[in-house]
Amino acid sequence: MAEYSMILTERQGRVAVIRLNRPQALNALCDQLMEELGQALRGYDADPEVAAIVLTGNEKAFAAGADIKEMQSRSYPAVYLDDFIGKRWEAVTFVQKPVIAAVAGYALGGGCELAMMCDIILAADTAKFGQPEINLGVIPGAGGTQRLTRAIGKAKAMEMVLTGRMMDAAEAERASLVARVVPAAEVVAEAVKLGEKIGTLSAPAVAIAKEAVNRAYETTLAEGVKFERRAFQALFATADQKEGMAAFAEKRKARFTNS
Ligand code: CO8
């Protein structure tokens with residue numbers, strides 16, 4: 001098991017929990033933290049014992065953004081040549097297994113963007129989402145202008161990105177940014193429960209379901225529907241499709257073998 005200094009990792013059954021752990025800086029997402037996060041995500045994605053991954057912070061902050069103090073003196077050539085953001089920040093988007101963000105407290109800037117890269121966001125009633133980069137003389141840089149707009153629509157996204165206004169958990173649920181709001185003390189347990197539920201299902205079906213939903217962001221309706229149909233048809237090649245349908249017909253619980 002790798003040694004990490006800025007994240008904590010644990011397994012709860014078939015669910016891996018990654019906790020961002022820089023509380024003194026409200027989990028500001030510095031390079032080292034993002035390297036560690038990428039490493040942990042890749043490790044769990046490759047581990048056949050893991051069905052889903054929960055990403056969380058602490059009760060005060062999921063993450064208050066990229067590390068402003070680390071970023072402030074960087075030059076354009078340096079950030080460009082380092083492909084600042086791309087290399088370290090997109091690890092979540094390459095994970096094949098479901099990644100569930102359990103957000104309590106601040107999810108700001110890069111923190112909000114990181115949550116939006118996850119497949120499902122569960123919000124604690126204390127969660128606050130925002131893209132305050134405009135206050136720093138910059139704009140979101142890890143997908144905020146794109147994913148927020150797709151999630152909540154132009155009117156609210158534009159208001160948030162142009163003014164830095166934060167959205168509380170209730171508004172985030174109304175705006176469909178988050179799947180559900182739960183009491184803060186339960187948000188990680190609820191996310192793990194969700195991961196466990198997914199873990200009882202057919203892993204190939206889950207992975208392709210995730211891929212198909214994500215395809216909706218990248219393509220036309222006609223192409224997306226065609227992709228979905230081909231994926232649906234392909235699942236008839238799995239033993240899990242035979243088992244799932246037989247179990248329904250026989251009125252028993254399915255025993256999926258991920259094959
Ligand atoms: N970066 C660095 N340090 C931070 C950050 C941050 N984003 N957020 C908080 N901290 C530090 C504070 O400096 C403070 O440290 P210290 O005790 O040494 O002074 C400590 O965390 C506690 O913070 P506060 O004292 O400010 O706590 P408050 O409860 O008073 O305020 C807030 C909480 C409102 C969340 C406040 O901390 C805040 O406004 N933080 C900055 C939020 C922000 O602007 N985020 C956007 C950052 S830019 C960004 O994310 C760009 C993403 C682009 C893609 C990623 C590229 C790498």
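Colleague: Which side chain meets that of Arg-22 in a salt bridge?

Modeller: The general idea first: side chains of opposite charge can pair when their charged atoms come close. The term means a side-chain nitrogen of Lys or Arg within 4 Å of a carboxyl oxygen of Asp or Glu. In this case the partner of Arg-22 is Asp-67, at 2.8 Å from N to O. The two sit in distant parts of the chain, 45 residues apart: Asp-67 is in the loop between E4 and helix H2 (68-71), Arg-22 in the loop between E2 and helix H1 (31-46). Those labels are DSSP runs numbered from the N terminus, with helices being H or I of at least four residues and strands E of at least two.

Colleague: How many salt bridges does a search of the whole structure find?

Modeller: The search turns up 15. Bear in mind that this is a predicted model, where local features need pLDDT of at least 70 and side-chain atom pairs count only at 80 or more, while totals for chains, interfaces and linings use all residues. Residues are numbered from 1 along each chain as its sequence is written, and side-chain values use heavy atoms, with hydrogens and water left out.

Colleague: On to sheets. What is the order of the six strands in the open sheet?

Modeller: Strands of a sheet pair through backbone hydrogen bonds, either parallel or antiparallel. For two strands to count as paired, DSSP has to find at least two bridges between them. Here the order reads E1-E2-E3-E5-E7-E10, with mixed pairing. E1 (7-12) and E10 (180-182) are the edges; each has a single partner strand, so one side of each lacks a neighbour in the sheet. Ignoring direction, neighbouring strands are turned by 20° against each other on average.

Colleague: In which sense do E1 and E2 pair?

Modeller: Antiparallel, over six bridges.

Colleague: Now helix pairs. At what angle do the axes of H6 and H7 cross?

Modeller: Two packed helices are described by the angle between their axes and the distance between the axes. The axes are lines fitted to C-alpha atoms, for helices over the stretch in contact (heavy atoms within 4.5 Å), and angles run from 0 to 180 degrees between N-to-C directions. H6 (residues 144-152) and H7 (residues 154-163) cross at roughly 140°, with axes coming within 7 Å. They are therefore oblique to each other; under 35 degrees would be roughly parallel, over 145 roughly antiparallel, 65 to 115 roughly perpendicular, and the rest is oblique.

Colleague: Which residues in H6 meet H7?

Modeller: Thr-145, Leu-148, Thr-149 and Ile-152, facing Lys-154, Lys-156, Ala-157, Met-160 and Val-161 in H7. Leu-148 comes up again where H5 packs on H6, at an angle of about 55° with the axes 10 Å apart. That makes H5 oblique to H6 as well. The contact takes Glu-113, Met-116 and Met-117 from H5, and Gly-144, Arg-147 and Leu-148 from H6.
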